[in-house]
Amino acid sequence: MPDTALDDDALVELAERLRGAETGGWTEKGVRGLAGALGWEPADGAPTRLRTGLPTGEARLRPVDRLDEDYTRGERHLGLYVPVALVDGGAAAKADAFARAARALTAKLGPAPIMGAHGDPGPFYESTASWGSPFLRWRGRPDSLELRAGDDGPELLLHPSDPVENWHWRQGHGEAYALGGFFGARPDPANAGLGHPGGWTTGDWDVFATALGGFLGCLAAETRALGIELSLGMHGRIPGTHGPWVFHIASAQTLELAVYEETVDTSALDMAALGWTPVSEAPAAMDHLIDVSHHTGAFAPGEADGRGLARTLVETAKALGIPSPRGLSLIDHCQSVAGYRVDYYGLTLKENP
């Protein structure tokens, strides 16, 4: 299948039409009016599919089901999804298609007030695309426009703002795995009244390893798609120390993990068996990883074994004597990224207060 994508002008025109559309409270009548105003018709035998006339194919409607009703106030649909690029390649190619769409939309609409990666679970407990779950959201009232990851590439989503924000807020109950990915918001007037769930933590290394594996698996594709760099240093409460800077997770176009030589004595550990490469054999690939003793090498989108990298970090932390995941915290400024304040729900860690 050759790649198919809307050009920048067509993409921006579509985004503006969606943002300006009347959705009628996302009732059945409102959705019929929305489709009619866009000039789109139901596909034969598939009332939730709409023929758009776009080269990227049909749009789809997401009806409210029984499990969604707790988060809605009369809406009968949760969004209209429109593919804007169909990409035959793997995670890197899909991330690049997302990045191209993001640049075009940002140039016209301005920076998205909200950005992040949905992680697992996705909104309303939906599964997310296998290559990653990046999103940019132009928040509005009563509706928001989102550039998000679809299975075959980026898509635009027009959706009512309240249900997804209600779902997100109510996931902040503290149970393990309730939220994944990461969520960033700008100090933008559009974000007035936006709630930030508190997230969850764990004292169990196995639970932490599972969450960390999910966080790392698609991270390179997500940061590449969003055009951001995450530089996540971690303090570790090693017995007999004051909590030195131990690990670093760096993700931009690629993903790489490292251990710091200035603060951590690894001489008693079999670092090769744990999955690390000494810098004396090969330097770290990402040039800002300085003063590190060991690293994992860099992984392009689609290359990282998230569970394997999580085991490397967790087993090293345990070998260093860090008593539990609650002995890890992020260094200062990790939660400030490109003008956004970011919560790393899938990582479960925050900066020290």
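This is a predicted model: local features need pLDDT of at least 70, side-chain atom pairs count only at pLDDT 80 or more; totals for chains, interfaces and linings use all residues.
Local features need pLDDT of at least 70 and side-chain atom pairs count only at pLDDT 80 or more, whereas totals for chains, interfaces and linings use all residues. Residues are numbered from 1 along each chain as its sequence is written, and side-chain values use heavy atoms, with hydrogens and water left out.

**Cavities**

Rolling a probe the size of a water molecule over the atoms shows where empty space is left. Here a cavity is a set of points, on a 1 Å grid over the protein atoms alone, where a 1.4 Å probe fits but cannot get out; lining residues have an atom within 4 Å of a point. A volume is the space filled by probe spheres set on the points, which are joined across faces, edges and corners. The whole structure holds two cavities of 30 Å³ or more.

| Cavity | Volume | Lining by class |
|---|---|---|
| Largest | about 140 Å³ | seven nonpolar, five polar and five charged residues |

Of the 17 residues lining the largest cavity, Tyr-81, Pro-123, Phe-124, Leu-157 and Val-164 lie nearest its centre. Strand β10 (153-160) is one of the elements that supply at least two lining residues; with three, β10 gives the largest share. The lining of the second largest cavity includes His-118 and Arg-148.

**Helix α5**

Helices (H or I, at least four residues) and strands (E, at least two) are DSSP runs, numbered from the N terminus. The 13 residues of helix α5 (residues 205-217) should span 18 Å at 1.5 Å a residue, and the 18 Å between its end C-alpha atoms agrees; the expected span is 1.5 Å times one less than the number of residues.

Terms used. On a 1 Å grid over the protein atoms alone, a cavity is a set of points where a 1.4 Å probe fits but cannot get out, and a pocket is an open set with protein on both sides within 12 Å along at least five of seven lines; lining residues have an atom within 4 Å of a point. Ala, Val, Leu, Ile, Met, Phe, Trp, Tyr, Cys and Pro count as nonpolar, Asp, Glu, Lys and Arg as charged, and the others, Gly among them, as polar.
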